[in-house]
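Visitor: I would like to learn how to read salt bridges in a model. Please show me the structure before we start.

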Amino acid sequence: MIRHAGHPDPLSVGDTVILMDRKGRRFMFELEEGKDYHFHRGIIRHDQLIGQPEGSTVVSTMSAKLTAVRPTTVDWTLKAPRGAQVVYPKDQAMIVTLGDVVPGSTVIEAGAGSGALTCALLRAVGPEGRVISYELREDHAEVALANVTRRMGGHPENWSLTVADLAEALTEHRCDRLVLDMLEPWAHVDAAANAVHPGGMLIAYTPTVTQVMRLREVLDADPRWGLTQTSETMHRTWHVDGLAVRPDHRMVAHTAFLTTARRMVPLEAPEDTTGSQGAAGADAEPAEDAPVGPRPGQLP
């Protein structure tokens, strides 16, 4: 059982906890009966935490005071083991929101990376939805599998992870949302139009401007995609101490651009029943009753 941050149960065996010291440093581990946690300020015995309410303060063997809480999504993203670079919480939130990832929807994700975005998508689609993840690198897939399984308390029944190229997914599955976190997302725009339901969305996560330009060029040239937008999100915290209020010196600025596009059904051209050049074409024979005269631009 995974107990979320703020769960009414006390800290229990099997819970993942975060210990925070007075400098804000965070240490994450799983509670086991009889075990010890060693760090630079001494030892914390797991039994000191088991049975205590979340938010309790414990003291190490070197008299360091630490506060124990269950991890939030931000903690999981920043502290979990990594294979590939993670999608930061600010971008996870915008992907879920701008991509309108809703309960019951089917989402194809490529690639899975370290599993941080996968967990956000699974929570957004809920038990009635489905997330289908593809990852090219087996070592990244192994990290993603371990992180998602740990975060979700087991392998979610509505999640599949395949080590393969996205091209296979786009021929095998249909989806409501397609999330592309890859080097060349434009290479899959054509196939994506066959996989995404009309009205559905493509969401691309690309770090560089040149990637955005190439992707937008391909999307804008394809009438099956429309309502295309590109944005970036920056996150800055503030220092607030009485009357001393100022922005913090550090912020999470540019991480990637998010490009979204809706799957459209283009207007079909009306069928041409007059031949390749039409009745008024250069080689068209004049009607029997039609007056024969000079063509426009010619002298009589």
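Guide: What follows is a short talk about salt bridges in this predicted model.

Visitor: What is the general idea, and how many salt bridges does the structure hold?

Guide: Side chains of opposite charge can pair when their charged atoms come close. The structure holds 13 such salt bridges.

Visitor: Which side chain meets Asp15 in a salt bridge?

Guide: That of Arg70, with an N to O distance of 3.0 Å. Arg70 lies in the loop between strand E6 (65–69) and helix H2 (73–79), and Asp15 in the segment before strand E1 (16–20), so the pair ties together parts that are 55 residues apart in sequence.

Visitor: Is Arg70 buried or exposed?

Guide: Buried means under 20% relative accessible area. Arg70 counts as buried because its relative accessibility is 1%, and Asp15, at 3%, also counts as buried.

Visitor: Where does Glu54 lie, given its salt bridge with Arg70?

Guide: Glu54 is in the loop between helix H1 (46–49) and strand E5 (57–59), 16 residues apart from Arg70. The N to O distance of this salt bridge is 3.0 Å. At 24% relative accessibility, Glu54 counts as partly exposed.

Visitor: What about the salt bridge between Arg224 and Asp222?

Guide: There the N to O distance is 2.8 Å. Arg224 has 19% relative accessibility, so the residue counts as buried; Asp222, at 11%, is buried as well.

Visitor: Which residues do salt bridges with shared partners join into one network?

Guide: Arg3, Asp9, Asp15, Glu54 and Arg70.

How values were computed:
Residues are numbered from 1 along each chain as its sequence is written. This is a predicted model: local features need pLDDT of at least 70, side-chain atom pairs count only at pLDDT 80 or more; totals for chains, interfaces and linings use all residues. Side-chain values use heavy atoms; hydrogens and water are left out. A salt bridge is a side-chain nitrogen of Lys or Arg within 4 Å of a carboxyl oxygen of Asp or Glu. Helices (H or I, at least four residues) and strands (E, at least two) are DSSP runs, numbered from the N terminus. Buried means under 20% relative accessible area, exposed over 50%, partly exposed in between (1.4 Å probe, protein chains only).
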